[in-house]
Amino acid sequence: MTIADGLIILATLSGPIIAVQITRYLDDKKEERGRKLAIFKTLMATRAYTVSNAHVEALNRIDLEFSSKIDSEREVISKWKEYLDLLGDKSISAEQWGMRRIDLLVELLSAMGKSLGYKFDKVHIKNATYSPLAHGKLEEEQQAIRTKTIEVLEGTRSLSIKVESSPEKPQS
């Protein structure tokens, strides 16, 4: 058997193994990108509803899927840390906090989009959302109901009862 025959046998045996390994590697990369895209898409879709469960869950998944060791994702992690730091900050006024929160979320989404190959400008991210007034009103009403119900249950608020008419006494 010659060296050429040995190389042919080696190539024949190792070819399928290498092909499977390459396929697995490519599938893993595709799945990893899919998870990052899911986070980005959720955050973009819920950027007008930042207290929604889906939005909060997506934010908390950033650390799991993006890495500061990857050049294109380093900015995402940096912006996420800034945003997370603000979310826990109670030292500034609510108005300043709200404006800063929007700016930092836009910065985070911009960095995330850039790392994933999207070209959204910051003005688009900030302003191109649809949020019906009815959704805001519904949220406010639900919050008022929860607040007042808790006050009743805690005993700090009483229920008022208004009697419109008294029942007539039956005659005997």
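A crossing is left-handed if the near helix is turned anticlockwise from the far one by less than a right angle. Keep that in mind, please. By that rule, α3 passes α4 in a left-handed crossing. One caution before the rest: this is a predicted model.

Let me stay with that pair. The axes of α3 and α4 cross at roughly 165° and come within 8 Å. Angles over 145 degrees count as roughly antiparallel, and that makes α3 roughly antiparallel to α4.

Who makes the contact? From α3 we have Ser72, Glu75, Val76, Lys79, Trp80, Glu82, Tyr83, Leu86 and Leu87. From α4 we have Trp97, Arg100, Arg101, Leu104, Leu105, Glu107, Leu108, Ala111, Met112 and Ser115. Sort them by class and you get 11 nonpolar, six charged and two polar residues.

α2 packs on α3, which spans residues 71–87. The angle here is about 130°, and the axes lie 10 Å apart. Parallel, perpendicular or oblique? The two helices, α2 and α3, are therefore oblique to each other. This crossing of α2 past α3 is left-handed.

On the α2 side, the residues are His55, Leu59, Ile62, Asp63 and Glu65. They meet Glu73, Val76, Ile77, Trp80 and Tyr83 of α3. The class count for this contact is six nonpolar, three charged and one polar.

One more pair. Helix α1 covers residues 3–45, and helix α2 covers residues 53–65. They pack at about 145°, axes 9 Å apart. The handedness of the α1 and α2 crossing is left again.

α1 brings Arg35, Lys36, Ile39, Thr42 and Leu43 to the contact. α2 brings Ala54, His55, Ala58, Leu59, Arg61, Ile62 and Glu65. That contact of α1 with α2 holds six nonpolar, four charged and two polar residues.

Now the core. How many residues are in the largest nonpolar core? It has 23. Leu43, Ile62, Phe66, Leu108 and Met112 have the most contacts inside it. The largest share is from α4, with seven residues.

Look at Ile62 in particular. Set aside its neighbours within four places in sequence. Ile62 then contacts Ile39, Leu43, Val76, Ile77, Trp80, Leu108 and Met112.

Buried, exposed or partly exposed? Its relative accessibility is 25%, so Arg61 counts as partly exposed. Beyond its neighbours within four places in sequence, Arg61 is in contact with Arg35 and Ile39. Asp103 sits 42 residues from Arg61 along the chain, and their C-alpha atoms are separated by 20 Å.

Last stop, Ser158. Where does Ser158 lie? It is in the segment after α6, the helix at 133–154. Exposed means over 50% relative accessible area. Ser158 is at 63% relative accessibility, so Ser158 counts as exposed. Lys148 is 10 residues from Ser158 in sequence, and C-alpha to C-alpha they are 9.6 Å apart in space.

To recap. α3 and α4 are roughly antiparallel, while α2 and α3 are oblique. The core takes its largest share from α4. That's my tour; questions, please.

Note on methods. Residues are numbered from 1 along each chain as its sequence is written. This is a predicted model: local features need pLDDT of at least 70, side-chain atom pairs count only at pLDDT 80 or more; totals for chains, interfaces and linings use all residues. Side-chain values use heavy atoms; hydrogens and water are left out. Axes are lines fitted to C-alpha atoms, for helices over the stretch in contact, and angles run from 0 to 180 degrees between N-to-C directions. Helices (H or I, at least four residues) and strands (E, at least two) are DSSP runs, numbered from the N terminus. Contact means heavy atoms within 4.5 Å. Ala, Val, Leu, Ile, Met, Phe, Trp, Tyr, Cys and Pro count as nonpolar, Asp, Glu, Lys and Arg as charged, and the others, Gly among them, as polar. Angles under 35 degrees count as roughly parallel, over 145 as roughly antiparallel, 65 to 115 as roughly perpendicular and the rest as oblique. A nonpolar core is a set of buried Ala, Val, Leu, Ile, Met, Phe, Trp, Tyr and Cys residues joined through side-chain atoms within 4.5 Å. Buried means under 20% relative accessible area, exposed over 50%, partly exposed in between (1.4 Å probe, protein chains only).
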